[in-house]
Amino acid sequence: MMTRFITDVTTKFNPFSAKARTARLFISFLPPNARAGGMKITTLLLPRNSVEPTSLYVKFKDGKEMNLDVENMGIKSVVEEVDRHSRALQKQADLNE
């Protein structure tokens, strides 16, 4: 997964819920040095009996914001959506060089 152009990741999930799997996996795909590279990562863990929906918010360097429905999407779909925009930003950066 291309994380070079991501500036902000915010997740909210119940770690005991099966619907939170995609959000947990997305966080695990981020590189260990992401925070040192300037990425803001915010994770809110909900209590076990919470009925609040799982959410994933991603913001890119160009200002694009994605609020992904991770309860109904698999990890492959989420990574594909994020990578699609990251590749477009990579093309734009390559053209500007």
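Asn 14 lies in the loop between β1 and α1. The model is predicted. Its sheet is open, with 4 strands in the order β2-β1-β3-β4 and mixed pairing.

- Asn 14 has 6% relative accessibility, under the 20% cut-off, so Asn 14 counts as buried.
- Beyond its neighbours within four places in sequence, Asn 14 is in contact with Ala 20, Leu 46, Pro 47, Arg 48 and Ser 50.
- Arg 48, one of these contacts of Asn 14, also lies over the face of Phe 16.
- The distance from Arg 48 to the ring centre of Phe 16 is 3.8 Å.
- As for aromatic pairs, a search of the whole structure finds 0.

**The sheet**
- The strand order is β2-β1-β3-β4.
- β2 (40–45) and β4 (65–68) stand at the edges. Each has a single partner strand, so one side of each is left without a neighbour in the sheet.
- From one strand to the next, the twist averages 10 degrees.
- Strands of a sheet pair through backbone hydrogen bonds, in either the parallel or the antiparallel sense.
- β1 pairs with β2 in the parallel sense, over 6 bridges. In this pair, Thr 11 stands opposite Thr 43 of β2.
- β1 and β3 (residues 55–60) run antiparallel and are joined by 6 bridges. Here Asp 8 stands opposite Lys 59 of β3.

**Helices on the sheet**
- β1, α1 and β2 together make a β-α-β unit, and the unit is right-handed.

**The segment before β1**
- Thr 3 is placed in the segment before β1 (6–13).
- Thr 3 counts as buried because its relative accessibility is 16%, under the 20% cut-off.
- Leaving out residues up to four places away in sequence, Thr 3 touches Leu 30, Pro 31 and Met 39.

Methods
Residues are numbered from 1 along each chain as its sequence is written. This is a predicted model: local features need pLDDT of at least 70, side-chain atom pairs count only at pLDDT 80 or more; totals for chains, interfaces and linings use all residues. Side-chain values use heavy atoms; hydrogens and water are left out. Helices (H or I, at least four residues) and strands (E, at least two) are DSSP runs, numbered from the N terminus. Buried means under 20% relative accessible area, exposed over 50%, partly exposed in between (1.4 Å probe, protein chains only). Contact means heavy atoms within 4.5 Å. Rings of Phe, Tyr and Trp (its six-membered ring) pair if their centres lie within 6.5 Å; planes under 30 degrees apart count as stacked, over 60 as edge-to-face and the rest as tilted. A charge sits over a ring if NZ of Lys or CZ of Arg is within 6 Å of the ring centre and within 35 degrees of the ring normal. Two strands pair if DSSP finds at least two bridges between them. Axes are lines fitted to C-alpha atoms, for helices over the stretch in contact, and angles run from 0 to 180 degrees between N-to-C directions. A crossover is right-handed if, with the strands pointing away from the viewer, the path from the first strand over the helix to the second runs clockwise.
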